[in-house]
Amino acid sequence: MADIEEDRGLLAADAGEEDSLPGVEESGHVGTPLPAICDPAHVLHRVVVLVFMCFLGFGSYFCYDNPASLQTEVLQDLNLNTAKFMQLYAWYSWPNVILCFFGGFLIDRVFGIRLGTIIFSLFVCIGQLIFATGALVNRFWLMEIGRFIFGIGGESLAVAQNTYAVNWFKGKELNLVFGLQLSMARLGSTVNMNIMGWVYSKVTLLLGAPGHTTLGCSFMIAAVTCIFSLTCALVLAFLDKRAEKILQKEQGKTGEVIQLTDVKDFPLPLWIIFIICVCYYVAIFPFIGLGQVFFIEKFDFSPAEARAVNSIVYIISAPASPVLGFVVDKIGRNVIWVMCAVCTTLASHMMLAFTFWTPWIGMSLLGLSYSLLACALWPMVAFVVPEHQLGTAYGFMQSVQNLGLALIAMAAGAILDSRGYLFLQVFFCSCICIALVAVVMLYFVDYLRGGDLNRSAAARAKLLKEATSEAENTRRPSQLTEGDVARLSPMSAFGLRNCHLSRFGAQLPHHCSGHLSSLAHRSVLK
């Protein structure tokens, strides 16, 4: 009898302890209530996670344009011509002709978000170290291998970064989170453009003379940013694993669905969008890669001034992208915005090629038009294909873009060696003219097909509302097909599309984040 009474007393004590735990229901953690900064369900803890999330891709973006920031030094210290120099950008793009289809699959089905992020960060880190070692020992083929490995990790790391964002944040928070990630990416590119020359000069003073050893040491110092980003990946993996145990949540997934057979069903407007994408971006990134020497030779700039003006595209993109994205989202008329961006870019290139006006004007216009095109062009894909084909459409778009960048990078180097900068600028203007012709074609093709792409945001919302109201009034299921929904209000996961857009500065319409809100709720708060 005494034993029974003792057991009852112990059970009562256990029940009393359980009732007295104020943090159990909120965080799922049994024990002493967690401090706010340690509680995965608290906003303060998620701010800490956001900091590591933003710095996750900093090293990749910082080191991507290392060759451009030290273009003169690379050419002189390694005794290269421009064609060989541009191979460093081509080798980055080659693996992403294929990997853009499989980055999300590897995260979802093979590695998981935590291990996948660490592996991709390792690729970036190892690639940069091999690249720096190649410069250190004056072996250009080793530098090319390093850039290839760096490219394997770079684009896939952007996918992982955005998957983490979807996993930890929801609803309208995502617009801010993606905006901060974009700003941090542009900060990495800008800091690289403006600081690597100073780093090289300090290493020169330390070693006593410029040369391939100085160049290699400078790139080794840049690799510290990749090691820092790898550390962020390890910390994020620990925090995500801990949150999974406390909140009983599942690992984040990209949600990408890639079906290569969908390519045969792509409509004509989507193929025209692909042409615009390739022809436009091949006149931007290769130009930035070769810009430093151009500004030194034509405008008699110092290397520091040349690096500064070359980075203005990235500086403007950081604040302009979210603002222009908001404007395009509210107004609509995407085709008109794309036409304005392409025309402005053409004017910028012609100004830089045929006048001696200060290049700050031309490069500033280029930065604005670059941001505007990303905000207007990339989201159009969601208006022409149904949701189940979005993964394939964006994967194909990124694939042909990387193929174009790789080929044009080599062509640009060869043109510069044989004909000079004026002819190269004419070549870039020709690419933009092809893009402009494609935009005009897109306008008329879209007009003949009902004008869905160039419809105003208000008209699109009105049509969707009328269709929904009609379905409700007749008490029948909505007659809208998946294609109709895509044209009026694409409800694909915001993170799915953003993972393909982060490197290009694009923002997606705010109304696309509603579907993602439910994804975030299931994965974080489950």
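Modeller: Before we start, a helix here is a DSSP run of type H or I with at least four residues, numbered from the N terminus. By that rule D300 falls in the loop between helix 16 (291-299) and helix 17 (303-310). Please keep in mind that this is a predicted model.

Colleague: Which loop holds N79, and what is its phi?

Modeller: N79 lies in the loop between helix 6 (71-77) and helix 7 (82-93). Its phi is positive, about 55°, although N79 is not a glycine. With a relative accessible area of 68%, N79 is exposed too.

Colleague: How many helices and strands does the protein chain have?

Modeller: The protein chain has 27 helices and zero strands. Of its 526 residues, 58% are buried. Take contacts between residues at least 6 apart in sequence: 80% of them join residues at least 24 apart.

Colleague: How confident is the predictor in the protein chain?

Modeller: Its mean pLDDT is 81, and 79% of the residues reach 70 or more. Among the elements, helix 19 (residues 334-354) has the highest mean, 96, while helix 27 (residues 513-524) has the lowest, 32. The pLDDT is below 50 over residues 1-30, a stretch with 16 contacts beyond near neighbours in sequence. It also stays under 50 over residues 490-526, where the model has 130 contacts beyond four places in sequence. Where pLDDT is low, the predicted coordinates should not be read in detail.

Colleague: Let's turn to rings. What makes the pair of F111 and F120 edge-to-face?

Modeller: Two values settle it. Rings pair if their centres lie within 6.5 Å, and planes over 60 degrees apart count as edge-to-face. The centres of F111 and F120 are 6.4 Å apart and the planes stand at 85°, so the pair meets both conditions. The whole structure holds 33 aromatic pairs.

Colleague: What kind of aromatic pair do F285 and Y370 form?

Modeller: F285 and Y370 are edge-to-face, with 6.1 Å from centre to centre and 85° between the planes. F285 is in helix 15 (residues 285-289) and Y370 in helix 20 (residues 359-377), so this pair ties together parts 85 residues apart in sequence. Both F285 and Y370 are buried.

Colleague: Which residues do ring pairs link into a cluster?

Modeller: The cluster consists of F287, F294, F295, F299, F301, F356, Y421, F427 and F428.

Colleague: Why is G325 called buried?

Modeller: Its relative accessible area is 9%, so G325 falls under the 20% cut-off. G325 is located in helix 18 (residues 312-331). Its C-alpha is 8.6 Å from that of A374, 49 residues apart in sequence.

Colleague: Then what makes L365 partly exposed?

Modeller: L365 has 29% relative accessibility, so it lies between the 20% and 50% limits. L365 belongs to helix 20 and contacts T344, S348 and M351, leaving aside neighbours within four places in sequence.

Colleague: Finally, which residues have the most contacts inside the largest nonpolar core?

Modeller: They are F219, Y281, F295, V338, M363, L377 and V381, in a core of 138 residues. Helix 22 (residues 390-419) gives the most to this core, with twelve residues.

Methods:
Residues are numbered from 1 along each chain as its sequence is written. This is a predicted model: local features need pLDDT of at least 70, side-chain atom pairs count only at pLDDT 80 or more; totals for chains, interfaces and linings use all residues. Side-chain values use heavy atoms; hydrogens and water are left out. pLDDT is the predictor's confidence in each residue, from 0 to 100. Helices (H or I, at least four residues) and strands (E, at least two) are DSSP runs, numbered from the N terminus. Contact means heavy atoms within 4.5 Å. Buried means under 20% relative accessible area, exposed over 50%, partly exposed in between (1.4 Å probe, protein chains only). Rings of Phe, Tyr and Trp (its six-membered ring) pair if their centres lie within 6.5 Å; planes under 30 degrees apart count as stacked, over 60 as edge-to-face and the rest as tilted. A nonpolar core is a set of buried Ala, Val, Leu, Ile, Met, Phe, Trp, Tyr and Cys residues joined through side-chain atoms within 4.5 Å.
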